[in-house]
Amino acid sequence: MLKNLPMVTSREDKKEGEGDIILEEEEKNNAANNPKNKMDVIQELVALIEAVQSIGDFRRTQRKEAHSLVRRLKLLLPLLEEIRDIDTLIPEAGMTCLCNLKRAFLAAKKLLKMCTEGSKIYLALESEDVMIRFHSVYEKLNQDLDGMPYTEIGISEEVKEQVELMRMQLRRAKKRTDTQDMELAMDMMVVLSTEDDRNADSASIERLANKLVLHTVEDLRTETVAVRKLVKERGQNAETNKQIVDILRKCKQIAGLEVTGILDDPAVPKALAKCPSLAVPNEFLCPITLEIMSDPVIVATGQTYERESIQKWLDSDHRTCPKTGQVLAHLSLAPNFALRNLILQWCEKNNFPLPKKEAPRSSDNSNVEQNNEIYSVVQNLSSNQLEVQRKAVRKIRMLSKENPEYRILVANSGGIPPLVQLLSYPDSKIQEHAVTALLNLSIDESNKKLISREQPIPAIVEILQNGTIGAKENSAAALFSLSMLDENKANVALSNGIPPLVGLLKKGTIRGKKDAVTALFNLSLCQANKARAIEAGIVAPLLHLLEDKNLDMVNEALSLLLLLASNSEGREEIGQISVIETLVQFIKVGTPKNKECAVALVLELGTKNPNLVLAALQCGMYEHVVELENSGTNRGQRKANSLLQLMSKSEQNS
């Protein structure tokens, strides 16, 4: 056991004041007895509140916290207005508070701007780090208001009570636990860990892109610029930056866009590289490639694109307009002859070489045939002939696998109710095709709700228990997808779906185990389901995943164990000396993500049971946690810092 561990300073304390604009000491010293300075500071504070009010469209992951911060800053307006209207001199303590508030307001403005303009992927991946920055701002505001001499200034009781109420809200906000979106975290983990082409993995990428609002060309272009700026500030080799670029690359890939050169400087259109002084009219450039168009075509929304670019977009199974995000009423492309003539005239006048393209393809609108084909296949789902039904359900399974358009067409043709009915059909092949087709259809968020209305979960659970190996795996994936809707988390449990998922986790194939662990993670976000999963025996197979290196599921297992450790019974099962030894081993020699997850779990267990911290120390954890605090991932560094503080307390109390 290690004695006399060094006292550890919190990471938040180390960062105190970083990035803020520090006021000169002279300004603070001279401010007290200068009425003009008082008015200047008050005007600046009011202007800052107005500025943060106008910042606007906050990222999804921080939207609630950002709006709360703006609302709390607005609560200080009556205080500032009363101070502004008071004719007497402000005591030095009051001016010091106002000057300090200016620093806090500037820090708040900078944070809120990051939550509007920063990389969406970074803000989601590092949401815990961003939350700590919010807490730092709360702490600044609370401390700066602490010394405000209300009585000496002459502040009314009503305004004083309002400020104290706001301070109480700040203190409560600081005590809140990690508010990270766990579903989003699991989607990111799946996207980052997968290396194969499984449809379920494509679904995770697509779902993640939708959650982060990264599905149009404009969204992805804006995100690319934000990521470039982030990497430039933080360095390309940072572990988090590599993950951010990887996620962005996959989002662009699933959108059918070019994925190379993400970290290149924002490019000038290639055609202009040799003619930097020549400005091509913006309406001549394709919104997708930013290249001058040689064969402009109009889509259903009225937007114009280069034919080759928009065709590539459509061939990647998109049926939305890249620029507006609207669903296309049809997929036909109409040549924009008027614009093409204008481009040709401009090129001839400016001696600008138009890029050579292949001859335009004739428009082949097969929408009617497509609709008729889908409708016919859907009708065959209710056929009296077994072989006809088999062919129909298999056809829908294949059509819906990678094509978003077909997913919508199947639903619009009334395909979901008969597919749900076929889940209970006494034919293993039909069951497998039906559950897989529903899994594919559920990738579309509107379809997810339509499927849930048909109450498919009891039948899916039945297949999970008694179906073929492939059917069991896809049933688990379907439960994961459908449980994105909160009401389905309870429905799966009420249908007794957790025990067979735990069974698949124990005895399934590698693919089956992966589907089971992601489904169980999602279900365990519901507090009541944690107890059900623990009762079903989930802990033992999760610990086995930590030992089997061939499965490559350490991060998923550790994340689910961390979730279960918030339950007292789960903590008791997980908190064994042998488990602590395993976790320490991951902290010593694991991957950066292994170390981050392992140290978070030791911290969770040790907070409730100090003896486990002492056991970890005896296993030689201390120096590796120190190393992690200095060179781990952002979250790993924070957890390591908190664990070091806990270790210091445990040593002092032992």
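The model is predicted, so local features need pLDDT of at least 70 and side-chain atom pairs 80 or more, while totals for chains, interfaces and linings use all residues. Residues are numbered from 1 along each chain as its sequence is written, and side-chain values use heavy atoms, without hydrogens and water.

The lining consists of Leu438, Leu439, Ser442, Ile451, Pro456, Ile460, Ala478 and Leu482. A cavity is a set of points on a 1 Å grid over the protein atoms alone where a 1.4 Å probe fits but cannot get out; lining residues have an atom within 4 Å of a point. The largest cavity holds about 40 Å³ of space. Helices H21 (428–441) and H24 (469–482) each supply at least two lining residues (helices are DSSP runs of H or I, at least four residues, numbered from the N terminus).

Helices H26 (residues 498–507) and H27 (residues 510–523) pack at about 145 degrees, with axes 8 Å apart (axes are lines fitted to C-alpha atoms over the stretch in contact; angles run from 0 to 180 degrees between N-to-C directions). Their contact (heavy atoms within 4.5 Å) includes Leu501 and Leu505 of H26 and Ala516 and Leu520 of H27. The contact residues divide into 10 nonpolar, one polar and three charged.

Residues 414–451 are 74% helix. Residues 537–574 are 71% helix.

Definitions and conventions. 1 Å grid on protein atoms, 1.4 Å probe; cavity = no way out; pocket = protein on both sides within 12 Å on 5 of 7 lines; lining within 4 Å. Points joined across faces, edges and corners; volume = space filled by probe spheres on them. Nonpolar A, V, L, I, M, F, W, Y, C, P; charged D, E, K, R; others polar.
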